[in-house]
Structures are given as structure tokens and as C-alpha cells.
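Here is a short report for a first look at this structure. Keep the model open while reading.

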Amino acid sequence: MFAKCGDLESASLMFNQLRKKCIITWTSVVAGLAFNGQCKEALALFDEICLERIQPHDVIFIAVLSACTHGGLVEKGQWVYRRIT
């Protein structure tokens, strides 16, 4: 909700305070960052997801590809697309 309203600071604070994070909470923050133009931050979180060995789903891939599109990050977008396939 915070990220959708553009309050990324509160969204990040709430996310960081979670004891247990699931793919839904990760996706919400990644999508919120991408939606609000914080593309590199969204991609950094996606990298964290990969490092944590959390299995991404289709919705987070859409959010990450959106971040790549908005940030003009073609090579990173291609890497993500190859990961999907």
C-alpha cells in the first residue's frame, strides 16, 4: 500500500521489519520501486531474491522487466528474460 501511494520510505521500513519475507512481500516492494522510478533499487532487490534462493514467480518477473524498461536497462532485461525461459 505504501509503495503504491509513492511512500517508498515507509514501504521499505515495513518490509525491513518483517521477520519472515515471502515472495509476495518481495514482489510488492520490487513492483513498488519499479512503479515509482527506482529501477536500480528494484533490480538490486531482485538480485537479493536470487541470492536467497527464493523461487521467483511470473508477477515478479513482470515487475522486474518493467523496472528494466523504465530504467533503459536493456542488458539486464535480457538477462531476466533468459532466466524466465
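## Helices α4 and α5

This is a predicted model. Helix α4 spans residues 58–71 and helix α5 spans residues 74–84. They pack at an angle of about 160°, with their axes 9 Å apart. Angles over 145 degrees count as roughly antiparallel, and α4 and α5 are therefore roughly antiparallel to each other. The crossing of α4 past α5 is left-handed.

On the α4 side, the contact uses Phe-61, Val-64, Leu-65 and Cys-68. They meet Lys-76, Gly-77, Val-80, Tyr-81, Arg-83 and Ile-84 in α5. By class, this contact has seven nonpolar, one polar and two charged residues.

## Leu-43

Leu-43 sits in helix α3, residues 39–51. Its relative accessible area is 6%, so Leu-43 is buried. Beyond its sequence neighbours up to four places away, Leu-43 touches Val-64, Cys-68, Leu-73 and Lys-76. Val-64 is 21 residues from Leu-43 along the chain, yet their C-alpha atoms are separated by 6.5 Å.

## Aromatic pairs

The count comes to three aromatic pairs. One of them is Phe-15 with Trp-26, edge-to-face, at 5.0 Å centre to centre and 75° between the planes. Phe-15 belongs to helix α1 and Trp-26 to helix α2, 11 residues apart. Phe-15 is buried at 6% relative accessible area. Trp-26 is buried too, at 4%.

Phe-46 and Trp-79 have ring centres 6.3 Å apart and planes at 75°, so this pair is also edge-to-face. The pair links helix α3 to helix α5, across 33 residues. Phe-46 is buried at 0% relative accessibility, whereas Trp-79 is partly exposed at 35%. Phe-46, Trp-79 and Phe-61 form one aromatic cluster.

Methods:
Residues numbered from 1 in each chain as written. Predicted model: local features only at pLDDT ≥ 70, side-chain atom pairs only at ≥ 80, totals over all residues. Heavy atoms only, no water. Axes fitted to C-alpha atoms, helices over the stretch in contact; angles between N-to-C directions. Helix = DSSP H or I, 4+ residues; strand = E, 2+ residues; numbered from the N terminus. Parallel < 35°, antiparallel > 145°, perpendicular 65-115°, else oblique. Left-handed = near helix turned anticlockwise from the far one by under 90°. Contact = heavy atoms within 4.5 Å. Nonpolar A, V, L, I, M, F, W, Y, C, P; charged D, E, K, R; others polar. Buried < 20%, exposed > 50% of the residue type's maximum accessible area, 1.4 Å probe, protein only. Phe/Tyr/Trp six-rings, centres within 6.5 Å; stacked < 30°, edge-to-face > 60°.
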